[in-house]
Amino acid sequence: MLEGQKDDGTSVATPIVAIVGRPNVGKSTLFNRLCRDRRALVDDTPGITRDRLIAQVTWGERSFCLVDTGGIEEGEGETPIKMQVRQQAQMAVGEADLIIFLADGKEGAHPGDTTVVDLLRRSNKPVLYAVNKIDAPEQESATYEFYGLGPERIFPVSAAHGYGLRDMMDTLVEMLPPETAEPEETRGIRVAIIGRPNVGKSSLLNRILGSKRVLVSDMPGTTRDAIDVSLTLNDQEYLLIDTPGIRRRSKTREKLEKFSVLKALKSIDRCQVAVLLLDGPEGVTAQDVRIAGYIHERGRGAVVAINKWDLVQKDPKKVAEFTESVADALKFMPYAPQLRISALTGKRVSNVLPTLNTVYSQYCLRVQTSVLNEVLAAAVSRHEPPMHGRRRTKILYGVQVSTQPPTFVLFVSHPGAIHFSYQRYLTNQIRKAFSLDLTPLRLVFRKRGGRREKKKR
């Protein structure tokens, strides 16, 4: 499972659902329909989806991670591409908590469907069976022959037009694992080292550990799986997670690349503090910003470590340009401290763990309700909330509902009247009052009575 968050900041396990079937049965069309956008390429050519796509989907009160896969096929004409697609789909099945098996109702039962179903049975995962391209009730008889595959129930659906999807999705949600809090894996600080391929993640981990515990290579993509290493230093325990590099989607052509991306995203979900490693000589790239966005959206503590700084500092012009570009590109997470290091020489690497400790301390901070409301009252007296019609919006009281990150619920008379600029003002006042300058912080605005109206990250 991946990890998500409720509105009050509580971490919960997010199930993974994989769509699996033969080529050209409509898996990408179903993926797009459920995601309400066109994030997967749709084409009538079999085998067009060669890389898995991943998206967060919410149905009713439940959310899950949906994974699109390439079609599984065997038989004559076996090619490296076919083997890679099949291996990738098998990986998706291995990661999934629930599988949607999709077949083609217009073409009818196919020997390849039996191959896929046999694979799913061996996985021992719960499977929801659906037959696609059924557009009306009178066409549902086309599903009968698929009962020969052994399912107790088959859902006739049309991914293109939406027919039958409501019943299928209601059942899918019922089949998901119960929503439970994600258990802590260690008493120490869980730290993920995140970044593009070949920026020095494994080298940094080795330097922190003082030994070559992780394979280091100049070839991008050496680290295929997340690697956990425990460390205790000065009575502080850490779980250090080295992760695969995250590439841009257009370059995820290699057979294991999408699997590595999923592993890296899961590492962000598992960690409490992420070290975003940048390549100093290359500067900040669009992919660095995307990775930072993953960290920010998941509310993780963050440290930005600029590696290979010994190569940058020789050019004062580059130093100025890099400093400005980082500040501009990562302006959405100004709380993240920046370190300029060299994993190769060890310069300033000794500052990484102490900085992590400080970030983690703020990330876990809990404040007293009475003190919080004193801060809010003082902030309101200096700058009143905006008007709602002819009346001034009132901030009634606030309470901290969770940590990691610190999350505060503010009960107000008219949540919709709280403009972004005023939210930012209150956020800054809370940061200043409780020394929360190095952690993400969330404000949730609710109307008195408990219904959430607006949320601020």
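This is a predicted model: local features need pLDDT of at least 70, side-chain atom pairs count only at pLDDT 80 or more; totals for chains, interfaces and linings use all residues.

Trainee: OK, so which helix is lysine 27 in?
Mentor: Lysine 27 sits in helix α1, residues 27-35.

Trainee: And what's the nearest side chain of opposite charge to lysine 27?
Mentor: That's aspartate 68, 6.1 Å away. Lysine 27 is buried and has no salt bridge, because a salt bridge needs the nitrogen within 4 Å of a carboxyl oxygen.

Trainee: What lies 2.6 Å from a polar atom of its side chain, then?
Mentor: The backbone oxygen of arginine 22. Beyond four places in sequence, lysine 27 also has contacts that include Asp68, Thr69, Gly70 and Leu102.

Trainee: Switching to rings: how many aromatic pairs are there?
Mentor: The count is 4. Take tryptophan 309 and phenylalanine 322: their centres are 5.7 Å apart and the planes are at 70°, so they're edge-to-face.

Trainee: Is tryptophan 309 buried or exposed?
Mentor: Buried, at 4% relative accessible area. Phenylalanine 322 is buried too, with 4%.

Trainee: What about tyrosine 397 and phenylalanine 411, how are those rings arranged?
Mentor: They're stacked, 4.7 Å centre to centre with 25° between the planes. Tyrosine 397 is in strand β17 and phenylalanine 411 in strand β18, 14 residues apart. Tyrosine 397 is partly exposed at 38% relative accessibility, while phenylalanine 411 is buried at 11%.

How values were computed: Residues are numbered from 1 along each chain as its sequence is written. Side-chain values use heavy atoms; hydrogens and water are left out. Rings of Phe, Tyr and Trp (its six-membered ring) pair if their centres lie within 6.5 Å; planes under 30 degrees apart count as stacked, over 60 as edge-to-face and the rest as tilted. Buried means under 20% relative accessible area, exposed over 50%, partly exposed in between (1.4 Å probe, protein chains only). Helices (H or I, at least four residues) and strands (E, at least two) are DSSP runs, numbered from the N terminus. Lys and Arg count as positive and Asp and Glu as negative; His and the chain ends are not counted. A polar contact is a pair of N or O atoms within 3.5 Å; within protein, one must be able to donate a hydrogen and the other to accept it, and residues adjacent in sequence count only if both atoms are side-chain atoms. Contact means heavy atoms within 4.5 Å.
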